[in-house]
There are 2 protein chains.
Amino acid sequence: MLAAWVQGEPASSIGLDDRGLHYGDGLFETIGASGGRARFLGAHLARLARGCAALSIPAPDAALLAREVTRAAGLAPHVIIKVIVTRGALQERGYAWTGSESPTRIVCAWPWSEGPLAMRAPARTGLATRPAAPPLLPGIKHLNCLGQVLARQEARQRGLDEVILADPEGCIIGGGMTNLFVYTGDTLATPLAARCMVAGVMRAQVLAAAESAGFRACERAITAQELAGAEALWITNVRVGLWPVGGLGQRTYAAHPRTSILQHAIEQSACEAAGA
Amino acid sequence: MLAAWVQGEPASSIGLDDRGLHYGDGLFETIGASGGRARFLGAHLARLARGCAALSIPAPDAALLAREVTRAAGLAPHVIIKVIVTRGALQERGYAWTGSESPTRIVCAWPWSEGPLAMRAPARTGLATRPAAPPLLPGIKHLNCLGQVLARQEARQRGLDEVILADPEGCIIGGGMTNLFVYTGDTLATPLAARCMVAGVMRAQVLAAAESAGFRACERAITAQELAGAEALWITNVRVGLWPVGGLGQRTYAAHPRTSILQHAIEQSACEAAGA
């Protein structure tokens, strides 16, 4: 870790009584930064505010948090910044909150060695060997991440870049650390936010980039069965960007011409957001 | 909080890089202690070890942890002790673990003002207004507790002692902080561990007490519909013990003669365990 701050002050620890530790009672954002600028910062702050509203946690002041993130963005040419907001310290023992908690605001920074424009070999993926539990709070990026931890461990053990998860009904909920896009019937599709573990900031950027490029794109239920018949797959998050899938199990996918068009549109949008 | 220790040393904080905070990547036990003795300690340590195995976290040495819990038990006449074991500090950024983590062992103690033999008014309960997501890791007492947090908040808002949760199939998974027992057809029943958020230590004590008292008892799927027709309901955890339910929504339940028989058998078992 390059540096960390709690409530804006340099720190290396948090209180043992924090509800983030005891219950995962909080939210987080993982933000990429390049050249001293946090990418898609507005989208991250907006999602964090939505998550805070969903958990009835008072959202941190957006301007204050933006300054703290920007300070972290200046630490290296490329930085990954994690913002954590927990409900704060336990006011009394037990799960329920009292309403008198004061949120804990954490900003951590790591070097982002590959940066946003890394050329990556196509992703090796596979379907998870077991159905995933349907998300407790679909789309919300909260601190209850054991589903992601176990999925990412499965990917590591199987020598894959990512595992793709389906719920017990056979509907795709995404990858362990990514959202999934499918290209089929001349349309780009991604699972409904109501099915996703997290509704990713890069997922929204891809949908916007598709629209700006004049491509058909939609959110819909996607079954595990239809992945084999798709023309192309991509996995997305703010760190890996739009990453083409080269294989899912035994099925391989050829490079697709829309990949570079969408990647270019996403970078265009990142530059415009930074300039705004 | 009366006191807390990390890795056996007095402490009030943990590292910002702990995976317990970032992902809820860890386990916990809530242990009651009276007269300087931790109640049902063997059962707690065994469940913790099972949870560690499920998450591939090296379990702490049981004798060491037992000494640390017993030290905390001596702080007041009645103490609630929480043991948290996380996978440890992030070795690299991201969900997957490397295997080189060293677990963080936390012991916290709070005064247990009411103690184990509190006389309580019958519990006021209600069915949760929304289906609960099926547990990610049924029965395992891990740090991803937002389901419990939201359920307990609903109880508080509705002025109830507890809400009873059913999964989308209509099967009871337990209360927000308790396991549920149902008495019907001369048999005591509780949901299968495979459906429970947590397979409680008190739940196991009640099943054992029922057996020792010669009552019929079983674990089975229990639907929300059948609760209204039950002769009696109880909710259980190590803090509240075997707590008779006085009402579930509009349905009321009369005091049941088996309550005191089971409570007595549980206390007998606690004394024998302490003497062993």
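This is a predicted model: local features need pLDDT of at least 70, side-chain atom pairs count only at pLDDT 80 or more; totals for chains, interfaces and linings use all residues.
**Helix on the sheet, chain A.** Next I looked up helix α3 (residues 62–73) of chain A, which lies across β1 (3–6), β4, β5, β6 and β7 (104–111) of chain A. For this helix I wrote down an angle of about 145 degrees to β6(A).

In what order do the strands of chain A form the open sheet? I read off β2-β1-β7-β6-β4-β5, 6 strands with antiparallel pairing. I then checked the edges: β2 (9–10) and β5 (37–38) of chain A each have a single partner strand, so one side of each is left without a neighbour in the sheet.

I zoomed in on one pair. β4(A) and strand β6 (residues 78–86) of chain A are joined by 9 bridges in the antiparallel sense. I followed this pairing to A:Gly26, and opposite it in β6(A) I found A:Thr86.

**Two domains in chain A.** I looked up the domain assignment, and for chain A it gives domain 1 (3–111) and domain 2 (123–275). Taken over C-alpha atoms, the centres of these two domains of chain A are 25 Å apart.

**Over to chain B.** I repeated the sheet check here. Chain B has an open sheet of 6 strands in the order β2-β1-β7-β6-β4-β5, with antiparallel pairing. Its edge strands are β2 (9–10) and β5 (37–38) of chain B, and each pairs on one side only. Helix α2 (residues 41–54) of chain B packs on the sheet and touches β4 (26–34), β5 and β6 (78–86) of chain B. The direction of this helix makes about 180 degrees with that of β4(B).

For a strand pair I picked β1 (residues 3–6) and β7 (residues 104–111) of chain B, which run antiparallel and are joined by 4 bridges. Here I found B:Val6 with B:Ile106 as its bridge partner in β7(B).

**How the two chains relate.** I laid chain A on chain B: a turn of 180 degrees and a shift of 0.0 Å along the axis give an RMSD of 0.0 Å. That is the relation of a two-fold axis. The same surface serves both copies, as 100% of the contact residues of chain A recur in chain B.

**The contact between the chains.** I have 41 residues from chain A and 41 residues from chain B in the contact. On the side of chain A that touches chain B, at least two residues come from each of β3 (13–15), α1 (19–23), β7 and α4 (146–158) of chain A. Which element gives the largest share of that side? I found α4(A), with 7 residues. I sorted the side by class into 24 nonpolar, 12 polar and 5 charged residues.

β3(A) and strand β3 (residues 13–15) of chain B run antiparallel and are joined by 3 bridges.

Notes. Residues are numbered from 1 along each chain as its sequence is written. Chains are lettered from A and ligands numbered from 1 in the order in which they are written. Domain bounds come from an automatic or database domain assignment. Two strands pair if DSSP finds at least two bridges between them. Two residues are in contact if their C-beta atoms, placed from the backbone, lie within 7 Å. Axes are lines fitted to C-alpha atoms, for helices over the stretch in contact, and angles run from 0 to 180 degrees between N-to-C directions. Copies are superposed by least squares on the C-alpha atoms of residues with pLDDT of at least 70 in both. Ala, Val, Leu, Ile, Met, Phe, Trp, Tyr, Cys and Pro count as nonpolar, Asp, Glu, Lys and Arg as charged, and the others, Gly among them, as polar.
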